[in-house]
Amino acid sequence: MLNFNGTLVDHTTVFSSSNRAFLYGDALFETLRVVDGIPCFWEDHYFRLMASMRILRMRIPSTFTMEYLETQLKSVVAPEGAFRVRLTVYRNEGGYYTPATNAVSFWIEATPLATSHFIHEETPCTADLFKDFHVPNHLLSTLKTTNRLLNIVGGVYAQENELDTCIVLNEQKRVAEVLNGNLFMLQGKKLITPPLSEGCLNGILRKQVLKMVKAQPEWEVEEAPISPFELQNADELFYTNAIQGIRSITHYRKKEFVTTQAQAWTLQLNQLV
């Protein structure tokens, strides 16, 4: 079932061909885990959505409280089990590039997940650079909008080259992120990830990992620009997203990486959920 503006409808519901999410990518979305009826890191997802709506000058309805949207999320899942839930908010139809209104609508959909907790994948993950297009390092790049053409074309490139993911660069040819998450590099006892000013997504799991590792005094955490050349000097590479958790990159170019610390942090991350 879909939740469309607070009403449950079936998956055969047809949206208008004038929908601005379809015509212009004029929409935002949050993808999160809901486990046994509890949305994981919901407060962070909610406040990111509200901040993003303000940046895009969408009118936030008075009904869009954290409690109201949480109730809507729960309406599309069973009370037990784990689900991947996507909440999409889009500007209502009308106008061309310039909208006729800043009022919004939303829909929510869910698909079951195999496990209720994050699992560190033990299968190999091979990555390389995607250099055809670059991420602009400005504020819009940090938002989770429905305009993901770079990620789509990068995904096709990865398939064509038998890669599991690609590392995306910004306009200064520095590392921004991977196609499906935020990139982290481990060197000795230092964890490094690009700052938001480099154009990476303002990821929810990125925030959780930074907070978790900063609380461990034996680790130094740094948000700093990363050149592609530095990646080959890393001890570990991994990326994060709200559904997978932590995913290790095991092969980048000619180097093979260990996954020891990423595995340990995955266990710790599950304690935060």
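In this predicted model, D44 and K207 form a salt bridge (a side-chain nitrogen of Lys or Arg within 4 Å of a carboxyl oxygen of Asp or Glu), with the closest N and O atoms 2.8 Å apart. Because D44 lies in helix α2 and K207 in helix α5, the pair ties together parts that are 163 residues apart in sequence; helices (H or I, at least four residues) and strands (E, at least two) are DSSP runs, numbered from the N terminus. D44 counts as buried at 17% relative accessibility, whereas K207, at 44%, counts as partly exposed. Here buried denotes under 20% relative accessible area, exposed over 50%, and partly exposed the range in between (1.4 Å probe, protein chains only). Residues are numbered from 1 along each chain as its sequence is written, and side-chain values use heavy atoms, with hydrogens and water left out. Local features need pLDDT of at least 70 and side-chain atom pairs count only at pLDDT 80 or more, while totals for chains, interfaces and linings use all residues.

The structure holds ten salt bridges. Another of them joins E223 to R206, with the closest N and O atoms 2.7 Å apart. E223 belongs to strand β12 (residues 220-223) and R206 to helix α5, so this pair ties together parts that are 17 residues apart in sequence. R206 is buried, with a relative accessible area of 5%, and E223 is partly exposed at 37%. Helix α5 (residues 204-214) is itself mostly covered, eight of its eleven residues being buried; among them are I204, L205, V209 and M212.

A salt bridge also connects D26 with R91, the closest N and O atoms being 2.7 Å apart. This pair links distant parts of the chain, 65 residues apart: D26 is in the loop between α1 (20-24) and β3, and R91 is in strand β5. Both D26, at 10% relative accessibility, and R91, at 8%, count as buried. Through shared partners, salt bridges join R20, D26 and R91 into one network.

Contacts of F64 (heavy atoms within 4.5 Å) include Y46, M50, V104 and F106, not counting residues up to four places away in sequence.

Strand β7 runs parallel to β8 (residues 165-170) and is joined to it by five bridges, with A127 opposite T165 in β8.

Strand β7 (residues 126-135) also contains F133, which is partly exposed with a relative accessible area of 46%. In the loop between β8 and β9, K173 has a phi near 65°, a positive value in a residue other than glycine. K173 is partly exposed, with a relative accessible area of 48%.

Definitions and conventions: Two strands pair if DSSP finds at least two bridges between them.
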